[in-house]
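Trainee: I would like a close look at a single part of this model. Please take it slowly and keep to one place.

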Amino acid sequence: MKKRERFIRSQLKAIAQQVELFKAGVLLYQAGSYHDSASAFVQFSRAYPAREVFNNIGACYFSLALRQLYLKYHRYYFRFKLSIAVDFYTTAEKLNLRADDRYLADKDIAGYIQKAEDYFRRAVARDKQDRTCRYNLAAALILKQEYARAQAECDALLKKNPRDVDAINNKAVAFYYYGKQEGID
């Protein structure tokens with residue numbers, strides 16, 4: 001029994017170590033590199049053939065089809081607005097025993113986020129009307145887990161334009177994590 005348990009644990013550990021392939025696939029998908037994304041997902045599926053992995057492979061090929069449809073048959077591309085989604089997480093991440101939620105303890109990550117915040121604040125100071133540096137500042141504050149400050153940045157943007165989708169998005173993310181942090185359902 002102990003031998004079997006060691007074997008299973010080693011197999012699970014091997015899968016957990018390959019989760020980065022899944023994450024790379026998601027990033028490549030977001031960047032519009034669908035061939036590379038599909039390759040990463042296919043490679044990961046060899047170790048972990050789960051629903052979310054196959055869904056993402058399908059989403060890659062579907063996005064490639066849509067791109068070709070747009071390029072070759074432009075007028076048919078706009079006939080319908082189809083909703084498609086990619087899975088950003090895999091159940092294999094639960095097999096990973098690292099403490100991913102403590103990334104701010106990593107001095108490199110915390111330092112980069114702080115530098116990013118400093119430069120975003122400089123950008124805001126140079127142009128009070130620019131929205132992009134404020135979106136970025138709110139995103140940096142979210143990564144720093146300073147959710148109330150991030151919401152305040154978004155609120156300032158929303159006062160000027162209540163329909164600003166990017167500000168609404170960042171505010172929603174900050175609000176979600178603020179609630180989670182405070183134990184609010």
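Trainee: Is the crossing of α3 and α4 left-handed or right-handed?

Mentor: The crossing of α3 and α4 is left-handed. Bear in mind that this is a predicted model. Two packed helices are described by the angle between their axes and the distance between the axes. Here, helix α3 covers residues 34-47 and helix α4 covers residues 51-72. Their packing angle is about 160 degrees, and the axes are 9 Å apart. An angle over 145 degrees counts as roughly antiparallel, and α3 and α4 are therefore roughly antiparallel to each other.

Next come the residues that meet. From α3 these are Tyr34, His35, Ser37, Ala38, Phe41, Val42, Phe44 and Ser45. From α4 they are Val53, Phe54, Asn56, Ile57, Cys60, Tyr61, Ser63, Leu64 and Arg67. By type, the residues of this contact comprise 11 nonpolar, five polar and one charged.

Take one of the α4 residues, serine 63. Serine 63 has 7% relative accessibility; buried means under 20%, so serine 63 counts as buried. Leaving aside neighbours within four places in sequence, serine 63 is in contact with Tyr29, Tyr34 and Ile84. Tyr34 is also one of the α3 residues that meet α4.

On the α3 side, look at Phe41 and Phe44, which both take part in the contact with α4. Ring pairs link Phe41 and Phe44 with Phe22 and Tyr48 into a cluster. In the whole structure, a search finds six aromatic pairs.

Notes: Residues are numbered from 1 along each chain as its sequence is written. This is a predicted model: local features need pLDDT of at least 70, side-chain atom pairs count only at pLDDT 80 or more; totals for chains, interfaces and linings use all residues. Side-chain values use heavy atoms; hydrogens and water are left out. Axes are lines fitted to C-alpha atoms, for helices over the stretch in contact, and angles run from 0 to 180 degrees between N-to-C directions. Helices (H or I, at least four residues) and strands (E, at least two) are DSSP runs, numbered from the N terminus. Angles under 35 degrees count as roughly parallel, over 145 as roughly antiparallel, 65 to 115 as roughly perpendicular and the rest as oblique. A crossing is left-handed if the near helix is turned anticlockwise from the far one by less than a right angle, and right-handed if clockwise. Contact means heavy atoms within 4.5 Å. Ala, Val, Leu, Ile, Met, Phe, Trp, Tyr, Cys and Pro count as nonpolar, Asp, Glu, Lys and Arg as charged, and the others, Gly among them, as polar. Rings of Phe, Tyr and Trp (its six-membered ring) pair if their centres lie within 6.5 Å; planes under 30 degrees apart count as stacked, over 60 as edge-to-face and the rest as tilted. Buried means under 20% relative accessible area, exposed over 50%, partly exposed in between (1.4 Å probe, protein chains only).
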